[in-house]
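Here is a short briefing to read alongside the model. Please have the sequence and the structure open as you go.

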Amino acid sequence: MKRFLGFVKKEFLHIFRDYRTLFIIFGIPVAQILIFGFAISTDVKNAGVAFLDLSKDETTQKLTDKIISSGFFKRTENLTSYSEIEDIFRKGKTKEVIIFEKNFGKKLQNEGKASMSLIADGSEPNTATLITNYTMAIVSDFNTDISGFKANNPMLIQPEVKMFYNPELKSQHMFVPGVITMILILICALMTSVTITREKELGTMEVLLVSPLRPIQIILGKVVPYFLLSFINVILILVLSWLVFGLSVKGSIILLLAESMLYIMLSLSVGILISTVSNSMQQAIFISLVGMMLPTILLSGFIYPIENMDKAYDLISYMLPPRYFITIIKSIMIKGTGFLYVWKETLVLISMTILFIVMSVRKFKIRLE
Amino acid sequence: MTDQLSQGCPGKQNSDPEKQMQKVIESTDISKAFGSTKALNDITFSVDESEIFGLIGPDGAGKTTLFRIIATLLRPDNGEMKVLGQDCITGFKELRRNIGYMPGRFSLYQDLTVEENLNFYATVFGTTVKENYDLISDIYSHIEPFKKRLTGKLSGGMKQKLALSCALIHKPKLLILDEPTTGVDAVSRYEFWAMLAKLRQHNITIIVSTPYMDEAMRCDRVALIQNGLILSVAPPQKIRDGFSRKLFMIKASEKYKLIIALRKYPGTVTAYPFGDSVHVTFSDDRIDESLFRFLSEEGLSNVTAGETEAGIEDRFLELMEKGATA
Amino acid sequence: MNEKVIYVKNLVKKFGSFVANDNLSFEVFGGEIFGFLGANGAGKTTAIRILSGLSSPTSGEVFVAGINASKNPEEIKKQIGYMSQKFSLYEDLTVKENIMLYGGIYGLSKSLIKERTDNLLEKLNFREYGDKLIAALPLGLRQKLAFSIAVFHEPKIVFLDEPTGGVDPITRRQFWEMIYETAARGITVFVTTHYMDEAEYCDRISIMSEGKIVALDTPENLKKLYNAGTVEEVFIKIARPVNN
């Protein structure tokens, strides 16, 4: 028994003297609670809604106000015709378009019913379902309010729900783009950071440094194979999702591949940067996984929409490359948009890539200290 | 504390007295600290062309740190280091083309074959295996039959030969070998030094570090280093001959008892076990009857004693003792 | 003491078709300093692992401290001490913590541990190092401490795997004096080393080559037999390095 206790005591000593282990044991749970508690919310908050009011009467005005003042929605635009709908979804800020038919109020008065359409952005199926449900609840409430005045002649507004993009609300549409984003950054960052620190650990880096090879040659030499292989990976995933889930790319495949190549470049340079600050493979893996994986999954908009997050976390997500790429890839794959709609995000990715590469080359030590 | 004899002149074989003795390495007051630990302290020495220069000292003496400075991998805190005429800090780019470096533990890619490793290093240095094959053929021929084998599967001695080949493949002017024989068996060590001796013919200067004192005798000149300080720089014979007292060799049937007894004996200055005997120095530099009487009183049998020549290790121990008291 | 603390007869260890230990037979007596030499790859490490209960023989008789190594390897571990060059002490624990840990593992009582710890620190001149982390100690001190801890529980045999690698000549000799003193107390010391002069300090040595024992005797006898001045010469004459 004493042997056993002696051994247990030693293990405690190891743990308390290693800040990394302490971080894993205490730091990560705390961070997770905070993130799950505040950032991640499955509730609807500030969802963008646009109105196409073909009636513009007192009733539609009242209903519109009720919807907006509920706190779940935020008015983005007032549309004037059907042709504007596609465009507003492409822009991305609007998640639902509410259409009131002509003579809404009058029809309600005279015929006892009127129609309205709820068109939701199906590229995020969960959110779309939630949003339409909330809207319908508000409408139903409205129904009760106005019917109250005419007990024996209830008036009914029946909203008709349609999905724009992904009419069947297939969740693959949400998860395949997210998976591509996550896999690429994890694998690329992890792989490059590990391969460089491995050389440091084995001691072969010393000999490379003393050779005529320049740092940029070493860095690019490490990056090229992973670049090619990741690219093949992307194609593989797209083909698989097409074969297995029937998910096809709505927009330009060439644009998609070009953006993927940019993102791969970015992810690889993140890995290089990590390797310049890590002294061991263990450290590199730790930073890559813990530092990148959790924020990517939780805060980039992969699973939980950014709009639903508190401002603070929203700001954090601005610093994460995956956030931008998810927007790009969803736009192209599911909404079929062209470059014009994603140029902003593309620009951010390009600047980040250049920044990381420059930082890496400068931080790459040509000596051992 | 530094017992420095003149470098590179009397006693060194030089067939052409007019030949300009270019110093391949010139180290002046080099110091280096890591945090609060001083790894190197005012290191001054030089190495001549085509020399085999040995840096002898135990673990932690500063050998690897010094070599890394010479190889341009570390910057000294103070002092000047000139290698092949260039400053090691500013001239590193040029230098890295002309040095061959073999760090401890060989640093080869374990998951590449013998052939692949050699080709890689040749290519990185802008040459091919064919071009300088004659230089490494003596060494490489031992492992060539295994060229398709993964490096990780080679024995220690073979890895050593491969590492040496890779360091030589671009025909460097200076070869820096950091403890190439540590952890390798005696036979391989022996063969390795034979290979180094042959390299002299190609005008390659070699600086090599080792914790094995006996290997010091194979060098043209050595520097003894301990705790970041150089204790002595000279041809090994001169260092050995610098032993300040007469050295005696004493044997008895019971080794351990002998050491204890000798340390008790009033006339003893130092007593160190050396293989099957004990090397002893006496305050009056001689043995007399009283020693034998003392030893037999202590219960020792079969005692033999006689004068012996000091080896380089004896001198190293003496210098270390002096260093400890200084 | 002529008790056989190690008795090996026809020991064979195979890994697949590769024979690492090929019919080894030898004995080691109580209080002996036994040197176990051989080139890398000759099979030394395999044999030591079997003797220390870490691995089982393929065939043959192996008795360590009277215990059958094939049947009760776990029992052996209680009777032996072990120190290897690669690992000896936990770097992020202090000197005292390491001692207490190993003392506890070997089942010594608290009071006995305290008493022996004080003695150990006194003997090694370690008084002021008691609460220092191992990582802060120089190599020579670590090796001496590791050895002391390996024999802390007064085992019958202590196995030392290249204990003096890279250490300075003075510390090496001090280490060997500790070995002498330990053997004088009756603890058998089974040591491997690459330093040929250390082989001379042993009472008897064996030299392995390609899985077999090719020499086993006192250093003096071997030197006479092979007409050599040093054990190193003997070694070079008979131990071919393994190239496969």
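H7(A) and H11(A) are roughly antiparallel to each other, because an angle over 145 degrees counts as roughly antiparallel, under 35 as roughly parallel, 65 to 115 as roughly perpendicular and the rest as oblique. This is a predicted model, in which local features need pLDDT of at least 70 and side-chain atom pairs count only at pLDDT 80 or more, while totals for chains, interfaces and linings use all residues. Residues are numbered from 1 along each chain as its sequence is written, and chains are lettered from A and ligands numbered from 1 in the order in which they are written. Helices (H or I, at least four residues) and strands (E, at least two) are DSSP runs, numbered from the N terminus.

**Helices H7 and H11 of chain A**

- The axes of H7 (residues 172-202) and H11 (residues 281-299) of chain A come within 8 Å and cross at roughly 165 degrees; axes are lines fitted to C-alpha atoms, for helices over the stretch in contact, and angles run from 0 to 180 degrees between N-to-C directions.
- The crossing of H7(A) and H11(A) is right-handed, a term used if the near helix is turned clockwise from the far one by less than a right angle, with left-handed used if anticlockwise.
- On the H7(A) side the contact includes A:Met182, A:Ile185 and A:Leu186, and on the H11(A) side it includes A:Met281, A:Ala284 and A:Ile285; two residues are in contact if their C-beta atoms, placed from the backbone, lie within 7 Å.
- The residues of this contact of H7(A) with H11(A) divide into 13 nonpolar, 4 polar and 2 charged. Here Ala, Val, Leu, Ile, Met, Phe, Trp, Tyr, Cys and Pro count as nonpolar, Asp, Glu, Lys and Arg as charged, and the others, Gly among them, as polar.
- The 19 residues of H11(A) should span 27 Å at 1.5 Å a residue, and its end C-alpha atoms are 26 Å apart, which agrees; the expected span is 1.5 Å times one less than the number of residues.
- Among the buried residues of H11(A) are A:Ala284, A:Ser288, A:Met292 and A:Thr296. A residue is buried if 20 or more other C-beta atoms lie within 10 Å of its own, exposed if 12 or fewer, and partly exposed in between, with C-beta atoms placed from the backbone.
- Just after H11(A), A:Gly301 has a positive phi of about 95 degrees.

**Helix H13 of chain A**

- H13(A) (residues 321-335) has 15 residues and reaches 21 Å from its first C-alpha to its last, close to the 21 Å expected at 1.5 Å a residue.
- H13(A) is mostly covered, with 15 of its 15 residues buried.
- A:Gly336 follows H13(A) and has a positive phi, near 70 degrees.
- H7(A) packs against H13(A) at an angle of about 140 degrees, with their axes 9 Å apart. That makes H7(A) oblique to H13(A).
- H7(A) passes H13(A) in a right-handed crossing.
- Residues of H7(A) including A:His173, A:Pro177 and A:Ile180 meet residues of H13(A) including A:Phe325, A:Ile329 and A:Lys330. By class, this contact has 11 nonpolar, 3 polar and 1 charged residues.

**Chain B overall**

- Chain B has 11 helices and 15 strands.
- Its C-alpha atoms fill a box of roughly 70 × 45 × 45 Å, taken along the principal axes.
- Of the 326 residues in chain B, 48% are buried.
- Among chain B contacts between residues at least 6 apart in sequence, 72% join residues at least 24 apart.

**Where chains meet**

- Chain B gives 30 residues and chain C gives 31 residues to their contact.
- The elements of chain B that each supply at least two residues of the side touching chain C include helix H5 (156-168), helix H6 (186-199) and strand S13 (268-274).
- That side of chain B divides into 16 nonpolar, 9 polar and 5 charged residues.
- The contact between chains C and A takes 9 residues from chain C and 8 residues from chain A.

**Single residues to look up**

- B:Lys198 is found in helix H6 of chain B and counts as exposed, with 10 C-beta neighbours inside 10 Å.
- B:Lys198 and B:Asp138 are 60 residues apart in sequence and 8.9 Å apart in space, C-alpha to C-alpha.
- Most residues other than glycine have a negative phi.
- B:Asn203 has a positive phi of about 65 degrees although it is not a glycine, and B:Asn203 lies in the loop between H6 and strand S9 (205-210) of chain B.
- C:Ala65 has a positive phi near 50 degrees and counts as buried, with 20 C-beta neighbours inside 10 Å.
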